[in-house]
Structure formats: structure tokens, C-alpha cells
Amino acid sequence: MAGKKEEVSLFYVFLCLVIIVGVGYLAVSAFTGKLGTGNRPASSTTEGEITLTLTDDKATELLRGSLPENVPLNDLEVKFQSGRIVIGGKADVDGILTSAVTESYPDLGAIKSLLPSNVSFSASFTVSVVGEGVNAEPNEFYLSGYRIPVAFLPSSIKKSLNGAINAAVGNTGLKITGISVGDGRATISAK
């Protein structure tokens, strides 16, 4: 029975990784010039600060564009709601639990037979500035409508995400001074 819990958590960890990398990519893209210039999402002040505002649509576009074509995720969407970043979509179970995976892990083959071909997922994060860096904290994770405890997410994944975000932002020479997430938009300030 312990083997099944471990196998299910592998699937969960894979989806969490994709979602967390998406949050990291959004933060990094905001400061590395990958945002379109047509929207003029950034403004600067005379004191050397820059303020960047991302909308749900622009964040969704950035996330969808960041994933390689062979990643088995569809209908990805980013929403900024009540202080949280919510990322959702559908995962192609056959693309994740391939025959090679199910041959190596027969328990996953049994789980695959119980799942629909597409599994919906949703995860929410709170992002804040802590000291000299950014902290992305997972709040909720849903898989096919079932709430999965965030405690199953290994702490090393969260540390890696926050490390990658802070290293990428640090490479721009900017320091994040504030993050505000409201309904439909997120505003990032830096200097």
C-alpha cells in the first residue's frame, strides 16, 4: 500500500513542478524583456524604480509560450485573484503516464486505468517579497476537483523555484521591492 501512495505522489509532484516552473517563468519574464512592447506594461519613475503590471491574459500568454510543445498540458490559464496567482489547465494522462512509465511502475498503470484521459488541475500561490528576494508559497492544489494537500510538495521544489526566480531577477541587476496581486492583474515593482 505504501508503494501506491509513493507512485501517486510522483504524478502529483510532476504537475506541481510544471505549475511552479510556470510561476517562476512569469516572474522571470517580467524582467528579461519577454513581455511584448505593444502593451507598455512597464513604467518607470524618476527615482529609478520600475513598475510592471501583468494582466491575466498576458500571464497566460507567457506561460503557454514558455512550455515546449511536447509537454502534455492543455488549456493553461493564469488568473490573479485576491492576492493569489492561480494556474490551471488539463493534463494529458497518456502523455504523462506513457507505456514506458507504466511498464517501470505497474501501480501507475493501474492508476492510469482509473483516470480519465484528461485530468484538470488548479494550483494557487501567494507571492511576496521577503528580505532581498521573492517567495512563492503554494496555497492550494486540486486534481480532477479533489483537493490535494500542499504538504505533499517537497520543500526542495519550493526552494529551487524561489532560488531560480531570485537568481534570474538578480541577473537583470534589479531588486524586487514589491509585489501586489489583485483581481485580474499583478504589479511588480523593482529598482
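1. Let's start with the surface. The accessible surface of the protein comes to about 10,300 Å², and carbon and sulfur atoms hold 52% of it. Those areas come from the Shrake-Rupley method with a 1.4 Å probe, and for residues only the protein chains shown count as cover. Keep in mind that this is a predicted model, in which local features need pLDDT of at least 70, side-chain atom pairs count only at pLDDT 80 or more, and totals for chains, interfaces and linings use all residues. Residues are numbered from 1 along each chain as its sequence is written, and side-chain values use heavy atoms, with hydrogens and water left out.

2. Now the inside. Of the 191 residues, 36% count as buried. Here, buried means under 20% relative accessible area, exposed means over 50%, and partly exposed is in between (1.4 Å probe, protein chains only). Take the contacts with a separation of 6 or more: 58% of them involve residues 24 or more positions apart. A contact means heavy atoms within 4.5 Å.

3. What is the protein built from? You can find six helices and nine strands in it. Both are DSSP runs numbered from the N terminus: helices are H or I with at least four residues, strands are E with at least two.

4. Look for the sheet next. Five strands form an open sheet in the order β3-β4-β5-β6-β7, with antiparallel pairing. The edge strands are β3 and β7 (146-147), each of which pairs on one side only. Two strands count as paired if DSSP finds at least two bridges between them. As background, strands of a sheet pair through backbone hydrogen bonds, either parallel or antiparallel.

5. Follow β4 through that sheet. Strand β3 (residues 73-81) pairs with β4 (residues 84-92) over seven bridges, in the antiparallel sense. On the other pairing, β4 and β5 (residues 118-130) are joined by eight bridges, also antiparallel. G88 is a handy landmark: E77 stands opposite G88, and G88 stands opposite S122 in β5. Helix α2 (residues 56-66) lies across β3 and β4, running at about 145° to β3. For that angle, axes are lines fitted to C-alpha atoms, for helices over the stretch in contact, and angles run from 0 to 180 degrees between N-to-C directions.

6. The turn deserves a look. β3 and β4 form a hairpin with two residues between them. S82, in the loop between these strands, has a positive phi of about 45° although it is not a glycine. S82 is also exposed, at 63% relative accessible area. D75 is another case, with a positive phi of about 55°. D75 is found in strand β3, and its relative accessible area of 52% makes it exposed. Why flag these? Most residues other than glycine have a negative phi.

7. On to the nonpolar core, meaning a set of buried Ala, Val, Leu, Ile, Met, Phe, Trp, Tyr and Cys residues joined through side-chain atoms within 4.5 Å. The largest one has 33 residues, and those with the most contacts inside it are V78, F80, I85, F121, F141 and L143. Strand β5 gives the largest share of this core, five residues. In soluble globular proteins, nonpolar side chains tend to be buried together.

8. How many salt bridges does the structure hold? There are five. The test is a side-chain nitrogen of Lys or Arg within 4 Å of a carboxyl oxygen of Asp or Glu. One of them joins the side chains of E77 and K79 at 3.8 Å, N to O. E77 is partly exposed at 39%, and K79 is partly exposed at 30%.

9. Which residues are linked in a network of salt bridges? They are R84, E140 and R147. The side chains of R84 and E140 meet at 3.3 Å, N to O. That pair links distant parts of the chain, with R84 in β4 and E140 in β6 (residues 133-143), 56 residues apart. E140 also forms a salt bridge with R147, the closest N and O atoms being 3.8 Å apart.
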